[in-house]
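Subject: Structure handover

Hello,

Here is the structure I said I would pass on. Please open it beside this email and follow along.

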Amino acid sequence: CRDRGLAWLEAHPSALTEGRPHPYWQEFLPQLRRAFGERCGYLGLYIASGTVDHFRAWKGVDGAALAYAWDNYRYADFTINSAKKPAWDGQLLDPFEVEDDWFEVLLPSCQMRLVEDNIPPALRERARFTLDKLRLATHEDWVRLRSEWLQLYEAGDLSLEGLRRVAPQVARAVERRDALTR
């Protein structure tokens, strides 16, 4: 991808300023999907189909270097990828930075919140920005998706281990809830 992409950019030098680079990265979507366990890097939820997200925008300062860089790719829900703005570069949390206990799902609402005490102080503002700008906490689609996974689990159609694979934050919320009721 990188070699072909950089060769293409060399042949089309105005692509990053006047158009769009050739999407060679799309060929690697299956590998990216597997690398992310078929979960959106931002939502932490299984998604039936996702897209290649350029964590740092290819329209940015380092665009040519990042447009075809594997380490700049994240597996993301299309809506989230479309919502991201190049101006947000450096302000969003990278899914690779996030620790398991920085965000939590609240039951029964299936909304999400930050657990600020678990987030390093230097990253808290970026965590708030990410939660707000990507609407991770309360966006109807994300709440509904979390709720659907929870309902499958509670109906006995999905084991706790299965829930951990498709919606790990929902599984942790279930474990917290169940520990309180024991």
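This is a predicted model: local features need pLDDT of at least 70, side-chain atom pairs count only at pLDDT 80 or more; totals for chains, interfaces and linings use all residues.

Helix H9

Start with helix H9, which covers residues 168-180 and so has 13 residues by the DSSP assignment. From its first C-alpha to its last it reaches 19 Å, close to the 18 Å expected at 1.5 Å a residue. Pro168, Gln169, Val170, Ala171, Ala173 and Val174 are buried in this helix.

To find the pairing on screen, look for Phe103, which stands opposite Leu114 in E4. The hairpin has 4 residues between the strands. In this hairpin, Cys110 takes a positive phi near 65°.

The largest pocket has a volume of about 480 Å³. It is lined by 21 residues, and the closest to its centre are Cys40, Gly41, Gly44, Pro95 and Val98. Which element gives the largest share of this lining? It is H9, with 3 residues. Sorted by class, the lining of the largest pocket has 13 nonpolar, 4 polar and 4 charged residues.

The second largest pocket holds about 370 Å³ of space. Of the 18 residues in its lining, Arg20, Asp53, His54, Trp58 and Asn81 lie nearest the centre. Strand E1 (51-54) and helix H5 (78-83) each supply at least two residues of that lining. E1 gives the most, with 4 residues. The classes here are 7 nonpolar, 5 polar and 6 charged.

The cavity

How many cavities of 30 Å³ or more does the structure hold? There is 1, and the space in the largest cavity is about 40 Å³. Its lining consists of Phe55, Arg56, Lys84, Lys85, Trp88, Asp89, Gly90, Gln91 and Leu92. By class, these residues divide into 3 nonpolar, 2 polar and 4 charged.

Two residues to look at

Lys84, one of the residues that line the cavity, is found in the loop between H5 and E3. Is Lys84 buried or exposed? Its relative accessibility is 13%, and buried means under 20%, so Lys84 counts as buried. Leaving aside neighbours within four places in sequence, Lys84 is in contact with Tyr42, Asp53, His54, Phe55, Leu92 and Leu134. Among these contacts, Phe55 and Leu92 also line the largest cavity, while Asp53 and His54 are among the residues nearest the centre of the second largest pocket.

Asp117 lies in another loop, between E4 and helix H6 (124-133). Its relative accessible area is 72%, and exposed means over 50%, so Asp117 is exposed. Asp101 is 16 residues away from Asp117 along the chain, and their C-alpha atoms are separated by 9.6 Å.

That is the end of the notes.

Regards

Terms used: Residues are numbered from 1 along each chain as its sequence is written. Side-chain values use heavy atoms; hydrogens and water are left out. The expected span of a helix is 1.5 Å times one less than its number of residues. Buried means under 20% relative accessible area, exposed over 50%, partly exposed in between (1.4 Å probe, protein chains only). Two strands pair if DSSP finds at least two bridges between them. On a 1 Å grid over the protein atoms alone, a cavity is a set of points where a 1.4 Å probe fits but cannot get out, and a pocket is an open set with protein on both sides within 12 Å along at least five of seven lines; lining residues have an atom within 4 Å of a point. Grid points are joined across faces, edges and corners, and a volume is the space filled by probe spheres set on the points. Ala, Val, Leu, Ile, Met, Phe, Trp, Tyr, Cys and Pro count as nonpolar, Asp, Glu, Lys and Arg as charged, and the others, Gly among them, as polar. Contact means heavy atoms within 4.5 Å.
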